[in-house]
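Trainee: I would like to learn how to read a protein model. Could you show me one and take my questions?

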Amino acid sequence: MINSVRNTVLAVANKQNFGYITPNDFNLYAKQAQLDIFETYFYRYNEWITKQNKRISGSGYADIVKNLEEVIDIFASIETPDQGLEPGDDPINIFPLPSDYYLLNTVRYGSKEVERVSHVKILNLTTSNLTAPSVSYPAYIMNGSNIEVFPETITSNIKIQYIRTPKSPNWTYSDVVSGSVLFDQSNLDYQDFELPPTDEVELTVKILRYAGISLRDPELYQAVAMEDSKQDLQKSQNNQRTR
């Protein structure tokens, strides 16, 4: 999909004499455009959950909640983090989060789900023998890029289920004699978009918007903004039909 998007972006830019968009610039715009769309999934999911609870959402192919869940599940991952170590190589109850995590879903200790609590609550819990976390009822707190699990005797057997960020798209190429570049997906650095094909138009529009801002051309920005408005109107009309 990334080559199709780039060809469209270049075609629009060339048609309007907006200048050449280099592969490096395109990849930067593509990364941000993908992140923009990715983050909207969660806002839309929350919006449609609310509509579903009010019984105004559709079903079957019009079940937006289910469709969004399927898209978000593409980025679901499970990891067993390495146990934290003290300077003396003694295991401790601190585990690093995956470097690509976006949203932490569940933490498990063996077959048990570990409850997430706030820093204030964990202090209150650990001061009482009656409420202190145990191996049977463990808890954890977020601590920067780590999680800290309680009781402190838990130093292994932790699994993290999380939503990762999309991999950065990378349109790769090989040089040709004429000085132009030719798409080459056999390159080891090649990475396609991870969004579904239904987002191709929105990706193209957002990349053109970033290109317009970078090139300081108000006409391109306005043209893309109008196209984006048309898409928003169409989505709104489609949503009305599913009610």
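Mentor: Start with a definition: contact means heavy atoms within 4.5 Å. This is a predicted model, in which local features need pLDDT of at least 70 and side-chain atom pairs count only at pLDDT 80 or more, while totals for chains, interfaces and linings use all residues. Residues are numbered from 1 along each chain as its sequence is written, and side-chain values use heavy atoms, with hydrogens and water left out.

Trainee: Among contacts in the protein chain between residues at least 6 apart in sequence, what percentage join residues at least 24 apart?

Mentor: Take the contacts between residues at least 6 apart in sequence. Then pick those that join residues at least 24 apart; their share is 65%.

Trainee: How many helices and strands are in the protein chain?

Mentor: Both are DSSP runs, numbered from the N terminus: helices are H or I with at least four residues, strands are E with at least two. The count for the protein chain is 6 helices and 11 strands.

Trainee: What percentage of the residues of the protein chain count as buried?

Mentor: Buried means under 20% relative accessible area, exposed over 50%, and partly exposed in between (1.4 Å probe, protein chains only). The protein chain has 243 residues, and the buried share is 36%.

Trainee: Why is strand β8 largely enclosed by the rest of the structure?

Mentor: Strand β8 covers residues 146-150. It is largely enclosed because the buried ones among its 5 residues number 4.

Trainee: Which residue in the turn between β7 and β8 has a positive phi?

Mentor: β7 (residues 139-143) also pairs with β8 in the antiparallel sense, over 5 bridges. Asn143 has Asn146 as its bridge partner. The two strands form a hairpin with 2 residues between them, and the turn residue with a phi of about 65° is Gly144.

Trainee: Which residue meets Arg164 in a salt bridge?

Mentor: A salt bridge is a side-chain nitrogen of Lys or Arg within 4 Å of a carboxyl oxygen of Asp or Glu. The whole structure has 2 of them. For Arg164, the N to O distance is 2.8 Å, and the partner is Glu194.

Trainee: How many residues apart in sequence are the parts that this pair ties together?

Mentor: Arg164 lies in strand β9, and Glu194 in the loop between β11 (181-183) and α5 (200-214). Both residues are buried. The pair therefore ties together parts whose separation in sequence is 30 residues.

Trainee: Is Lys121 buried or partly exposed?

Mentor: Lys121 forms a salt bridge with Glu115 (3.8 Å, N to O). Glu115 has 45% relative accessibility and counts as partly exposed. Lys121 has a relative accessible area of 38%, so Lys121 is partly exposed.

How values were computed
Pairing = 2+ DSSP bridges.
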